[in-house]
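Please keep the sequence and the three-dimensional view at hand while reading.

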Amino acid sequence: MELYLDMHSPPCRLVFLFAKAVGIPFEFKHVELSTGQHYSEEFGKISMIRKVPVMKDGSFILTESIAILKYMVQKYSSSVADHWYPADLQQRARVNEYLSWQHMNIRAHASKVFLLRAVFPVIMGSEVPKEKMDAAVEDLNQSLNLLEEKFLQNKQFIVGDKISLADIVALIEVMQPLGTGLNVFEGRPKLSAWRERVKKELGEKLFDEAHEVIMKVGSLPEKMQNNSQLEMLRPKFQKLFR
């Protein structure tokens, strides 16, 4: 199995961390988003979507991190513990509920904050207007409130007393703004305690390894500057954020 990844990307860290945590063997194929490697002819032969992660298992190619996670769970069902994606109908439904919700909530808002703080100034050549930044952070805070009140509640983990795919997906996305210096855990003791439990279950050393790149995101602008392939992002940013 080959995994095409860039560890700046939360979905890539998600796939990497899960595979490592449960012992699924894979070959790491680095695709450097900051230099536009995903736009290369070579990568285009692997995925016409030109996004990461991508999984290649023999001749079978799969995109989308959630689909990749579920594929891994089912392929390695004999060795992946049931709590990750429970066989119980209602517990699995709870995992699926979170996985369905998160795309347009935690993921969308955390990624937007990250892009505005770390990438927008490089692409657009100016700082983000304050009202845009404030609105993005407020949207993220509202999603974090729902994560705590609707999904986590007073449980150890999102589904109950054991970690599941929902927890790892949630935490990976919540970690994204931290690389830009925005501590989304500040003033949220419940969320902070949950983070520590998830890290412990995954392995703190492995978790820190997976997030090493994003915690050094300050070097990203230097890599992105003078990259002609990334010029195509300018009109996209204008459309999304102006």
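## Terms and basis

Two strands are taken to pair if DSSP finds at least two bridges between them. Helices (H or I, at least four residues) and strands (E, at least two) are DSSP runs, numbered from the N terminus.

This is a predicted model, in which local features need pLDDT of at least 70, side-chain atom pairs count only at pLDDT 80 or more, and totals for chains, interfaces and linings use all residues. Residues are numbered from 1 along each chain as its sequence is written, and side-chain values use heavy atoms, with hydrogens and water left out.

## The sheet

Strand β1 (residues 2-5) runs parallel to β2, and four bridges join the two. Within this pair, Y4 stands opposite K29 in β2. Strand β3 (residues 54-57) is antiparallel to β4, again with four bridges; V54 has T63 of β4 as its bridge partner.

Together the four strands form an open sheet in the order β2-β1-β3-β4, with mixed pairing. Because β2 and β4 (60-63) stand at the edges with a single partner strand each, one side of each has no neighbour in the sheet.

## Helices across the sheet

β1, α1 and β2 make up a right-handed β-α-β unit (right-handed: with the strands pointing away from the viewer, the path from the first strand over the helix to the second runs clockwise). Helix α3 (residues 65-75) lies across β1, β3 and β4, at about 130° to β4. Such angles run from 0 to 180 degrees between N-to-C directions, with axes being lines fitted to C-alpha atoms, for helices over the stretch in contact; contact means heavy atoms within 4.5 Å.

## Helix α7

The buried residues of α7 are L191, S192, W194, R195, V198, K199 and L202. They cover an arc of only 160° around the axis, which puts them on the same side of α7; the arc is that of the directions from the helix axis to the C-beta atoms. Buried means under 20% relative accessible area, exposed over 50%, and partly exposed in between (1.4 Å probe, protein chains only).

The face turned away from the buried side carries the exposed residues P189 and K200. Cover for the buried residues of α7 includes α1 (10-22), α5 (130-152), α6 (165-175) and α8 (204-211). After α7 comes G203, with a positive phi near 105°.

## Two individual residues

H38 lies in the loop between β2 (27-30) and α2 (41-46). H38 is buried, with a relative accessible area of 10%. Not counting residues up to four places away in sequence, H38 touches V31, E32, L33, F43 and R50.

K112 is located in helix α4 (residues 89-124) and counts as partly exposed, at 32% relative accessibility. K112 and P177 are 65 residues apart in sequence and 9.0 Å apart in space, C-alpha to C-alpha.
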